[in-house]
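Thanks for passing this one along.

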Amino acid sequence: MLCDDVKRVVYFFLDGSLSEQKAHDLTVHLDRCPDCGARTTIHRRLRNFYVHRFRADSAPTHLKIRLTRSIRAIQTDL
Ligand SMILES: [Zn+2]
């Protein structure tokens, strides 16, 4: 796997949706390529931040209800 390949599939790798063989190839590349290793670490941290920060269940119930009502009100006005 080359650096360009890593850039193309890194998000699939972090999602766990890459095939076992490609994930293995990518891991081998990351062990040997400091640039891709560093870049992947940054992508992983960003992804973890977003996944944690914007989880579907992270909003309190009262906020979800308020937002749903606001969205429905806007849709009704359109
Ligand atoms: Zn690389």
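Here are my notes, as numbered points.

1. Ground rules first. This is a predicted model, in which local features need pLDDT of at least 70, side-chain atom pairs count only at pLDDT 80 or more, and totals for chains, interfaces and linings use all residues. Residues are numbered from 1 along each chain as its sequence is written.

2. Confidence. The chain has an average pLDDT of 90, and 95% of its residues score at least 70; pLDDT is the predictor's confidence in each residue, from 0 to 100. Helix 2 (residues 20–32) has the highest confidence in the chain at 96, while helix 4 has the lowest, at a mean of 86.

3. Secondary structure. You will find four helices and zero strands, giving the pattern α-α-α-α along the sequence. Both kinds of element are DSSP runs numbered from the N terminus: helices are H or I with at least four residues, strands E with at least two.

4. Overall dimensions. The C-alpha trace spans about 55 × 25 × 20 Å along its principal axes. The radius of gyration is 19 Å, whereas a compact globule of 78 residues would have one near 12 Å. That radius is taken over C-alpha atoms, and the globule rule is 2.2 Å times the number of residues to the power 0.38.

5. Burial. Of the 78 residues, 6% count as buried. A residue is buried if 20 or more other C-beta atoms lie within 10 Å of its own, exposed if 12 or fewer, and partly exposed in between, with C-beta atoms placed from the backbone.

6. Helix 1. This helix covers residues 3–15, and its 13 residues reach 19 Å from first C-alpha to last, close to the 18 Å expected at 1.5 Å a residue; the expected span is 1.5 Å times one less than the number of residues. Do look at Val 9, where a kink of about 55° is centred. The bend at a residue is the angle between axes fitted to the seven residues ending there and the seven starting there. After helix 1 comes Gly 16, with a positive phi near 80°.

7. Helix 3. Residues 34–53 make up this helix, and its end C-alpha atoms are 28 Å apart, in agreement with the 28 Å that 20 residues should span at 1.5 Å a residue. Helix 3 is hardly covered, with two buried residues among its 20.

8. Arg 53 and Ile 42, eleven residues apart in sequence, are separated by 16 Å, C-alpha to C-alpha.

9. Helix 4. How far apart are its end C-alpha atoms? For residues 61–77 the distance is 24 Å, which agrees with the 24 Å that 17 residues should span at 1.5 Å a residue. Helix 4 is hardly covered, and its count of buried residues is zero.
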